Amino acid sequence: MNEITITHILFVSTALFFIGMYGLFTRRNMITMLMAVELILNSVNINFVAFNKYLYPGKLDGVFFAIFVITIAAAEAAVAIAIIINLYRSHHSIDVEDAGELKY
Amino acid sequence: MSDYSYIAFIPLLPLAAFVLLGLFGRKYFKTFSGTIGTASLLASTILSFYTAYHYFFIDGNVNGVFQKIIALKHTWLQFSPNISIDMGIMLDPISVMMIVIVSFVSLMVHIFSLGYMKGEERFATYYAFLSLFTFSMLGLVLSTNIFQIYIFWELVGVSSFLLIGYYFEKPSAVAASKKAFIVTRFADLGFLIGILILAFYSGTLDFGLLIEKLTSVQSPEFINISSASFLGASVLTWALTLVFIGGAGKSAMFPLHIWLPDAMEGPTPVSALIHAATMVVAGVYLVARLFPVFSIDVTALQIVTYVGAFSSMLAAVIACTQTDIKRVLAFSTMSQIGFMMFALGVSKYGGEDGLGYMGSMFHLFTHAFFKSLLFLGAGAVIHLVHSNDMKDMGGLRKLMPVTHITFLIACLAIAGIPPFSGFFSKEEILLAAYHSNRLIYGVAVFTSALTAFYMFRLYYSIFWSKEANVHEPNHGEGTLSMKMPLIILGACALFAGFVPFSKLVTSDGAALETHIDIGFSALPVLLAFSGIALAAYLYKKENDRPQKIASSLGELYKVAWKKFYIDEMYLFITKKIIFNLIGRPAAWIDKNIVDGFMNLLATMTGKISVLIKGLQSGKVQSYALYFFGGVIGLAVLFIYIWK
């Protein structure tokens with residue numbers, strides 16, 4: 001069987017990225033949008049780890065960055081959920097379409 | 001040389017009074033404010049007299065020539081190493097003479113106003129303005145620097161504006177104050193340009209240096225300014241003429257005299273101080289101050305001469321027809337200032353030829369006394385009759401004996417009857433005119449005969465003419481504070497002619513020998529007597545002779561009565577020509593083109609913003625989409641196009 005090359009992995013991460021992007025643009029529920037953002041972040045993580053493994057096998061920089069991104073993602077999730085809770089309190093909804101007051 | 005720095009207190013005391021009364025007067029010293037103003041001015045006056053005594057009789061005179069003394073000098077603004085605006089005090093015969101006149105007449109007016117303005121709502125404000133004026137005028141005459149004189153020049157203009165408009169609830173007073181301000185400001189524009197030209201060519205603003213540089217024929221500055229020419233005259237002539245225009249505006253010379261008759265809307269003591277004795281002679285003072293330079297330039301001096309002589313005659317003719325007593329006095333002021341002007345014009349610098357200069361200053365000195373006396377007397381009359389019009393007066397001689405006698409003295413003085421003060425000064429002027437220009441001499445003699453006529457027309461109409469027609473009970477002549485200045489000024493008008501003026505104030509500082517030539521003075525005195533006799537014939541008893549003469553003169557009388565339609569001409573030029581040809585097109589351009597361009601910019605910005613504001617929809621996902629689109633766009637740009 002064919003060996004798994006970097007191209008395969010990049011395909012997966014690109015697919016994951018665009019799935020996340022699609023979710024971000026089409027879903028109106030903010031929790032779902034948050035999940036879509038997580039997908040985008042994880043596609044980036046896959047890229048980091050893949051490049052580290054295939055291009056610079058002896059180093060750990062890519063892995064280090066992946067861990068860093070996971071940490072940031074956790075913090076970001078905490079902030080995002082706080083925003084969502086506040087939005088729910090003020091609008092009784094977590095639909096982004098309902099929070100459209102900040103416009104011209 | 002003794003220390004003269006105490007002179008700074010002469011102008012500063014009235015300034016202190018102005019600040020005190022202006023800030024706190026209406027609240028705290030409602031009734032004392034007159035006393036405060038008068039007291040500060042009394043101190044100034046005493047200092048002025050002390051200075052004059054010290055300067056003229058102790059140490060001003062070195063080897064028979066009066067020196068210029070710079071008592072104080074402080075650089076205020078330095079433009080370049082040579083050009084600076086200094087604030088300082090200069091003493092020379094004319095400035096010392098002027099501080100005496102200004103402080104003394106101002107003191108008389110302050111005292112007179114204590115009675116005249118009593119019970120006014122804005123009594124403190126009135127005294128504050130009077131103090132401001134006195135400060136400015138004293139600063140003006142003591143200036144060391146041509147720019148300093150300009151600053152104080154504007155300050156006296158402002159205080160004159162404030163005092164003319166003192167009764168601001170009267171629309172005519174408001175109009176008069178605006179007129180005075182605008183006309184003199186217009187003239188001051190000429191003055192400023194003149195100053196700038198002089199400063200540009202001579203490289204200094206200091207009077208002493210300026211005169212020194214522009215009078216020595218070999219100096220490069222003089223050669224530059226007199227060889228440069230503009231529109232057929234040398235730049236020196238232009239500069240001096242422009243300076244003279246400033247002086248003519250302040251001194252109400254034709255054709256800038258139109259503000260002076262209207263300025264009579266102010267309180268009468270103010271007219272006595274500002275529009276008779278002090279501020280209006282500032283123009284004469286300015287020409288005298290720069291006289292060494294003027295005396296070099298024949299053309300500029302001739303302009304001074306002819307403008308002065310023409311104004312003097314014009315004003316005398318108009319004065320014969322006016323019925324408002326203050327306006328008669330205003331025109332007589334204009335006429336007498338015309339005398340001073342042409343006396344300067346016919347004079348030369350130094351020695352025997354400087355007679356005109358000395359005569360002019362002498363006339364300024366005596367005129368200050370008898371003209372302020374006339375105005376204060378008129379004020380006392382108006383106070384009693386409550387009207388400015390001659391028709392409402394008559395037969396007042398028994399009701400107001402003090403005013404009657406002092407007014408008579410002043411009339412005799414202005415008519416030039418010996419031994420009253422006006423005779424001596426007018427005599428010097430006529431003599432100077434006789435020796436240099438017969439035409440001017442003729443005009444002067446004619447004008448002085450007219451002066452005698454219209455002054456006695458005024459005198460007879462007020463004090464004789466008919467039986468007194470004053471409502472009972474009246475308050476008589478007023479308080480002692482109103483009578484005392486009249487008596488003091490009356491004494492001055494009587495005796496001021498005996499001051500040995502030619503020994504003290506001359507063009508070059510050296511004493512001048514003058515004597516009265518009986519043969520020469522006979523003609524003007526006889527003419528003055530005939531003028532008085534004619535006035536007595538027409539106005540001593542009420543009769544219809546004046547009416548008959550007026551109707552037989554017909555149009556001529558009407559033209560003079562209408563002041564030669566000069567006001568109407570000004571109105572025609574401003575309203576019909578300037579407003580229509582310049583004002584309206586300028587307004588149209590401003591409204592349609594300048595504003596139009598601005599409006600176009602605003603409208604376009606508005607339209608564009610309406611077009612693109614839809615982008616800011618408030619939908620988070622569309623923002624994310626734009627952002628993503630932008631990133632893609634940049635990526636494409638950098639990867640495939642830019643490389």
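**Chain B: terms and values**

Analyst: In chain B, 79% of the contacts with a separation of 6 or more are between residues 24 or more positions apart. Two residues are in contact if their C-beta atoms, placed from the backbone, lie within 7 Å. This is a predicted model, in which local features need pLDDT of at least 70 and side-chain atom pairs count only at pLDDT 80 or more, while totals for chains, interfaces and linings use all residues. Residues are numbered from 1 along each chain as its sequence is written, and chains are lettered from A and ligands numbered from 1 in the order in which they are written.

User: How many helices and strands does chain B have, and what counts as one?

Analyst: Chain B has 26 helices and six strands. Helices (H or I, at least four residues) and strands (E, at least two) are DSSP runs, numbered from the N terminus. The C-alpha trace of chain B spans about 115 × 65 × 55 Å along its principal axes.

User: Why is A252(B) called buried?

Analyst: A residue is buried if 20 or more other C-beta atoms lie within 10 Å of its own, exposed if 12 or fewer, and partly exposed in between, with C-beta atoms placed from the backbone. A252(B) has 30 C-beta neighbours inside 10 Å, so A252(B) counts as buried. A252(B) lies in the loop between α9 and α10 of chain B and has a positive phi of about 55°, although A252(B) is not a glycine. Of the 643 residues in chain B, 51% are buried.

User: Is H386(B) buried or exposed, and why?

Analyst: H386(B) has 10 other C-beta atoms within 10 Å and is therefore exposed. Its place is in the loop between α16 (355-385) and α17 of chain B. H386(B) is not a glycine, yet has a positive phi of about 60°.

User: What makes α9(B) roughly antiparallel to α12(B)?

Analyst: Helix α9 (residues 235-250) of chain B packs with helix α12 (residues 282-289) of chain B at an angle of about 155°, and their axes are 7 Å apart. That angle makes α9(B) roughly antiparallel to α12(B). Angles under 35 degrees count as roughly parallel, over 145 as roughly antiparallel, 65 to 115 as roughly perpendicular and the rest as oblique. Axes are lines fitted to C-alpha atoms, for helices over the stretch in contact, and angles run from 0 to 180 degrees between N-to-C directions. Among the residues making the contact are V243(B) and F244(B) of α9(B) and L286(B) and V287(B) of α12(B).

User: Why are α15(B) and α18(B) called oblique?

Analyst: The axes of α15(B) and α18(B) come within 9 Å and cross at roughly 40°. The two helices, α15(B) and α18(B), are therefore oblique to each other. In α15(B), F339(B), F342(B), A343(B) and V346(B) meet I429(B), A432(B), A433(B) and S436(B) of α18(B).

User: How do you know that the length of α15(B) agrees with its number of residues?

Analyst: The expected span of a helix is 1.5 Å times one less than its number of residues. Helix α15 (residues 325-346) of chain B has 22 residues and should span 32 Å; its end C-alpha atoms are 32 Å apart, so the two agree. This helix, α15(B), is mostly covered, with 22 of its 22 residues buried.
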